[in-house]
Amino acid sequence: MTGTFITIAVMIMSMAAVGYVLSRLAEPARRTDDEDPDADIMSANLPDMQLIEEVNRRLPQTQCAQCGHPGCRPYATAIINDEAPINQCPPGGDALIEELAALLGTDVMPLDNDKGQTKSAQVAVIVEPDCIGCALCIAACPVDAIVGAPRYMHTVIADQCTGCELCLPPCPVDCIELHTINTPLQRWQWPKPA
Amino acid sequence: MNRRKPVKALLARSRRLQQTGRSEPDGGLPLVRNKPGLEAVGVPITELPVPEQLVYPLLDYARQTVQAQVHVGESVLLGDSIAEGILATASGTIKAIEHRPIIHPSHRDALCVVLDVDATGDENTQSLATSDTLSTERLAQACISGLGGAGFGTALKLRAAQNKVANISDNSSETGIHTLLVNAVECEPLISCDEALIRSDAQTVITAVHTMIKLSVCQRCVLAIEDDKVDAIAMLSTAIDAVKSDTGVDVELVKLSAVYPSGAEKVLVQRITGKPLPTGVRATELGILCLNVATVVAAWRAQAGYPMISRIVTVAGSRANKPCNIRVRIGTSVADVLQSTGNAPEADDSRVRAGGPLSGFDLQSLSVPVTATTNCIAIEPPQSKSAAMACIRCSHCSEVCPVNLVPQQLYWYASGNDIQQAQRFGLDNCIECGCCDIVCPSSIELTSMFRYARSSWREQQQDKQDADIARERYEQRQRRLSHREQEARKIREEKKTQLISSKDPIADALARARARKRPS
């Protein structure tokens, strides 16, 4: 009886040992694609600052304040402090909501339409003959993309403009227009096959 | 376990493979070459007459807009600069700078310089002085760019290869170009422009290769060619024996089994060195300078003072009446090429493709100009598309993939828009050769999906970069504003403390008011 028990125990142990050795052998061959960087963040229970950073990195950085917060980082902070839901960012749209839901382990929800609609990329253009040089738009631009001086014509640095529309309301002569960006050839994308 | 071997070891292995026999590719398809338009051995390639109008898109190899250096109405001579990297390929007058259709899969227009050619358009094409040695500066001056694939500037490539070398390998002391790899393997089975060039004058090819050896100061030179180009190989062997050089580097003729797509740099380096290029690493970074054979000849001609004004184009395809290889001035419209060679599509349903039937794309307009990278114009019957069925995981695609990917898995991720996961499975290494499409029994458009996924990934990365810049600027502004706020507060505080510390605040205030009062 004891003999049988010992035999079984030895068998189990040796199988376990073989299994362990095999698993170690298989280790180097294991693909790195199992390691999801997002999963680490969730499981490690990172301090809030790092989580805010992670959320902020996913936000579109238009700094448009459509979410009701004065920029992308403040919105990221509000999300982590449970002060705002993840569906308040129209430029990020549904793709962003999915990404944030995956990061934070929450449910995907539809975009809050009260905050605005997702638009294609746009750029602000100052109608230069109409500009009176009041410098109000310069103060409003969250990314310092407008250059000019009082009583001199202003202009938008198109490459730096995020199309946030924040320069529109302060302009006393309504000389700022928003143009949809025509994708340059080097950024053209192949269509997805049906 | 899978540590990369040093380059020297790779090359040693490749030499061993060559001694034991040619290195067989891992994937690819042994497609039958129906060598069209190859005239008798040694016949010079005919030259297309210079058309009345030439068009130059103001784009560089990466499709970035470049600034025109000419204005409308200006007279230019052959070899004059039109923009950075673009030369006038005939003399004439600038007629317009306007949007015109170009060779691009988007079928979009781009800003182009339109040149009306003078009657004297076919004068002497030597616009630069002859020089004794070839220099990188001369390559840039003559606008030599890759005639094989992407059209990267040869001078830039050479500099990149000379400067940025091999700290990837374990012995990082190694610098400079150790191998010059001359690519005479065609991009596609249908294309024969490189073979036509070799057959027209193999001796020139070898002389040009020796010039490039001298310029690149390489230790080894490999000329790679498919083994079914029998005539070309014979002519090259004779020429290698005939042309003597003082560099002490011999031209090794390596015959590769004719498997599509061996002409792609990534696959060619893998077949020559026996090891695949690591992801995201270019051959130049390993000290291998890979140049198309036509590029090498163009560089040699630049030494003699001839800028790169033309290229050999293969006109072929199953609907082509007279398949041929013809030397075409860069800027000539595709319609002109087809008309002059007697290949204008007759049937309405013919498709004209730029860049070959497998890796190219259909053209919507025939008025698009030929560029330095237009190696082939193919006239094909309409595509017989059978509806795609579900993937049955037969793995045929993985077997033929020349860069050892698992296309079925990549397709799974890419079609589900999980491009990040597709990237982890090596999407970046895909060369979009189309082998997987050919073998797929379910007629799945794998390559189109990978093209979409790759361009979409690039765009995502670009968007991320743009967002990073915007975030940096926003945060800098926030810092500046809060700093300014702090400064202002500090001044207010100082004033306040000054006021409080004053012994007789009322007398002080009166004194200040008196001082402010203007003398009447």
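Modeller: Chain A of this predicted model is divided into two domains, with domain 1 covering residues 38-115 and domain 2 covering residues 122-182. The C-alpha centres of domain 1 and domain 2 of chain A lie 28 Å apart, and six residues of domain 1 of chain A are in contact with seven residues of domain 2 of chain A. On the side of domain 1 of chain A that touches domain 2 of chain A, there are two nonpolar residues and four polar ones, with no charged residues.

Leaving aside residues up to four places away in sequence, Val55(A) touches Ala76(A), Ile79(A), Ile80(A), Leu100(A) and Leu103(A). As for Thr77(A), which is 22 residues apart from Val55(A) along the chain, the C-alpha atoms of Thr77(A) and Val55(A) are separated by 8.4 Å.

Turning from this residue to the partner chain, 28 residues of chain B are in contact with 21 residues of chain A. Two or more residues on the side of chain B that touches chain A are given by each of α12 (419-424) and α14 (446-501) of chain B, and the largest share, 14 residues, comes from α14(B). By class, that side of chain B has eleven nonpolar, eight polar and nine charged residues.

Key:
Residues numbered from 1 in each chain as written. Chains lettered and ligands numbered in written order. Predicted model: local features only at pLDDT ≥ 70, side-chain atom pairs only at ≥ 80, totals over all residues. Contact = placed C-beta atoms within 7 Å. Helix = DSSP H or I, 4+ residues; strand = E, 2+ residues; numbered from the N terminus. Nonpolar A, V, L, I, M, F, W, Y, C, P; charged D, E, K, R; others polar. Domains from an automatic or database assignment.
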